[in-house]
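Have a look at the model first, and then read on.

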Amino acid sequence: LQQRGYTEVPKIEIDEINRRKMHFICRKNGKQVFVFFSSSKVIGIQHIENLMKRLNSQNIFDCIIIYSGILTPSALKMVQNPCIEVFSENELLCDIMNHELMPMIHVMTKEEKNDFLRRTKINECDLPLISKNDKISKYFGLSKNDIIKISRKSETACKYDCYRLVI
């Protein structure tokens, strides 16, 4: 969450893991996101509806659900909403950005994106693509039409930058 730019992210000690207490709100640019750790082994549509009612009553419109069990097909359809992100605990066991072979990745701001497209005189559609469901896209919470800059080490050029458009 901190790499996504959220503030007020609580520190959670491993000893005190209790799923019922592991719900919190983070903020980014005045926007709130509710992080919900599910204690249910099977998450169905009823769980999602109850959670959404709870969030709407508090005027919170974005949510991250972390689950350890199974998401039913009907619940999976319901969480296709762009305001809801879903992660299995297994997806979060290791930090994919903390690997020696992982290149540096920078999510471009709207200003950087517009400047880059103007400077290079290319259209967004000419860039290589990355899926919104890719692990990197999910890690950074990317949306459609975001652009990421990937900086890799190169033996010949020292550093090589490439760009990807999120679809």
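What follows describes a predicted model, beginning with the whole chain.

**The chain as a whole**

Four helices and 10 strands make up the secondary structure. In sequence order they give the pattern β-β-β-α-β-β-α-β-β-α-β-α-β-β. Along the principal axes, the C-alpha atoms occupy a box of roughly 50 × 35 × 30 Å. Of the 167 residues, 32% count as buried. The accessible surface is about 11,300 Å², and carbon and sulfur atoms contribute 52% of it. If we take the contacts between residues at least 6 apart in sequence, 49% of them join residues at least 24 apart.

As for charge, the chain carries 26 positive and 20 negative side chains. The centres of these two sets are 4 Å apart.

**An open sheet and its helix**

Now to the sheet: four strands form it in the order S1-S2-S4-S6, it is open, and its pairing is mixed. Strands S1 and S6 lie at the edges, each pairing on one side only. On average, neighbouring strands here are turned by 20° against each other, direction ignored.

How do S4 and S6 pair, and over how many bridges? They run in the parallel sense, over five bridges. Tyr67 stands opposite Ser88 in S6.

Helix H1 packs on this sheet, where it touches S2, S4 and S6. The direction of H1 makes about 145° with that of S2.

For finding your way in the model, here are the residue ranges of these elements:

| Element | Residues |
|---|---|
| Strand S1 | residues 23-28 |
| Strand S2 | residues 31-37 |
| Helix H1 | residues 45-57 |
| Strand S4 | residues 62-67 |
| Strand S6 | residues 84-88 |

Technical notes
Residues numbered from 1 in each chain as written. Predicted model: local features only at pLDDT ≥ 70, side-chain atom pairs only at ≥ 80, totals over all residues. Heavy atoms only, no water. Helix = DSSP H or I, 4+ residues; strand = E, 2+ residues; numbered from the N terminus. Buried < 20%, exposed > 50% of the residue type's maximum accessible area, 1.4 Å probe, protein only. Contact = heavy atoms within 4.5 Å. Areas by Shrake-Rupley, 256 points an atom, 1.4 Å probe, with all protein chains shown as cover. Lys, Arg positive; Asp, Glu negative; His and termini not counted. Charge placed at Lys NZ, Arg CZ, Asp CG, Glu CD. Pairing = 2+ DSSP bridges. Axes fitted to C-alpha atoms, helices over the stretch in contact; angles between N-to-C directions.
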